[in-house]
Amino acid sequence: NPQIIERRSWLDYIKYINVSLSVSIDYTQSNGNQTLPESLHFLDPSELNIYEQCIKAVGDVVIRYDSDKKVPVYGFGAKIKDKVGRWGPTNHCFALTDEEVVGVEGILEAYKNSFTRLQLSGPSLLEPTIRHATELAKKAAESTLNYTIHLIITDGNVQDMEQTIDAIIDASSEPISFIIMGVGGGDEDGEFTNMEILDSDDQLLSSDTKQAKRDIVQFVRYLPDMNP
């Protein structure tokens, strides 16, 4: 006898769980000198730069499902000025604010204010950010049904691919997914090749010794004409 099988979407399932958004932003030198108009980080009061566009485009969608609208915002690949004005070593995962910000406007404000104490540096390492986000996702899910969506905005120049792959494989058994938005020209070898490897749509991501439990990375190259 014929049977009717109802196919449920992701939206059906998130009715029963809390969703948390977190964000990481690439502050490496490959983005260009922040004070110059050609930089991906140039802050123009008349229009959003490509990082701000990505924050708004993705944030406006995901934040609707975030139960408390509070978002931890991180950066990677920058030197941070201490209280007496000295620059520290390159930090590969740091919080932009002492506390979580509220909503997309809070993310944008934290991003714009960050340049008063940050200096673009390098290299670009993703593993620390991915592992930190995964630990936060695990803790958030300890007391309630919670799933984390972590947005990473980067120009694609990643120097720790093997470590990043291992971190994503380890994260694939935890309640987290990653959206990677690529901005600018991509890696020198050819237009975000590394990011496409991490996306791994055709087969599950794997290393020499292990394989991902599921596909948890979605890579999208963001172009200016995609701005809503």
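How much space lies in the largest pocket? The answer is about 210 Å³. The model is predicted, so local features need pLDDT of at least 70 and side-chain atom pairs count only at pLDDT 80 or more, while totals for chains, interfaces and linings use all residues. Residues are numbered from 1 along each chain as its sequence is written, and side-chain values use heavy atoms, with hydrogens and water left out.

Rolling a probe the size of a water molecule over the atoms shows where empty space is left. Here a 1 Å grid was laid over the protein atoms alone. A pocket is an open set of points with protein on both sides within 12 Å along at least five of seven lines. A cavity is a set of points where a 1.4 Å probe fits but cannot get out. Lining residues have an atom within 4 Å of a point. Points are joined across faces, edges and corners, and a volume is the space filled by probe spheres set on them.

The largest pocket is lined by 13 residues. Ser20, Lys70, Pro72, Glu100 and Ala140 lie nearest its centre. Strand S1 (18–26), helix H4 (127–140) and strand S9 (146–154) each give two or more residues to this lining. Helices (H or I, at least four residues) and strands (E, at least two) are DSSP runs, numbered from the N terminus. By class, the lining divides into five nonpolar, five polar and three charged residues. Ala, Val, Leu, Ile, Met, Phe, Trp, Tyr, Cys and Pro count as nonpolar, Asp, Glu, Lys and Arg as charged, and the others, Gly among them, as polar.

The second largest pocket has a volume of about 160 Å³. Its lining includes Pro37, Phe42, Asp44 and Gln53. Five nonpolar, three polar and three charged residues make up that lining.

One cavity of 30 Å³ or more is present. The largest cavity holds about 60 Å³ of space. Among its lining residues are Ile168, Leu198, Ser200, Arg214 and Val217. The lining has seven nonpolar, two polar and three charged residues.

Ser200 also stands out in its backbone. Its phi is near 50 degrees, a positive value in a residue other than glycine. Ser200 sits in the loop between helix H6 (193–199) and strand S11 (217–221). Lys69 lies in the loop between helix H2 (50–62) and strand S2 (70–71). At 31%, Lys69 is partly exposed, the class between buried and exposed (over 50%). The peptide bond from Gly122 to Pro123 is cis, with omega near 0 degrees. Pro123 belongs to the loop between S8 and H4. Most residues other than glycine have a negative phi, and most peptide bonds are trans.

An open sheet of three strands runs in the order S5-S4-S8, with antiparallel pairing (at least two DSSP bridges between two strands). Strand S5 (87–91) and strand S8 (118–120) stand at the edges with a single partner each, so one side of each lacks a neighbour in the sheet. Strand S4 (residues 78–81) pairs with S5 over three bridges. Ala78 stands opposite Asn91 in S5.

Disulfides (cysteine sulfur atoms within 2.5 Å) number zero. Cys54 is buried, with a relative accessible area of 0%. Cys93 is partly exposed at 21%.

Methods:
Buried < 20%, exposed > 50% of the residue type's maximum accessible area, 1.4 Å probe, protein only.
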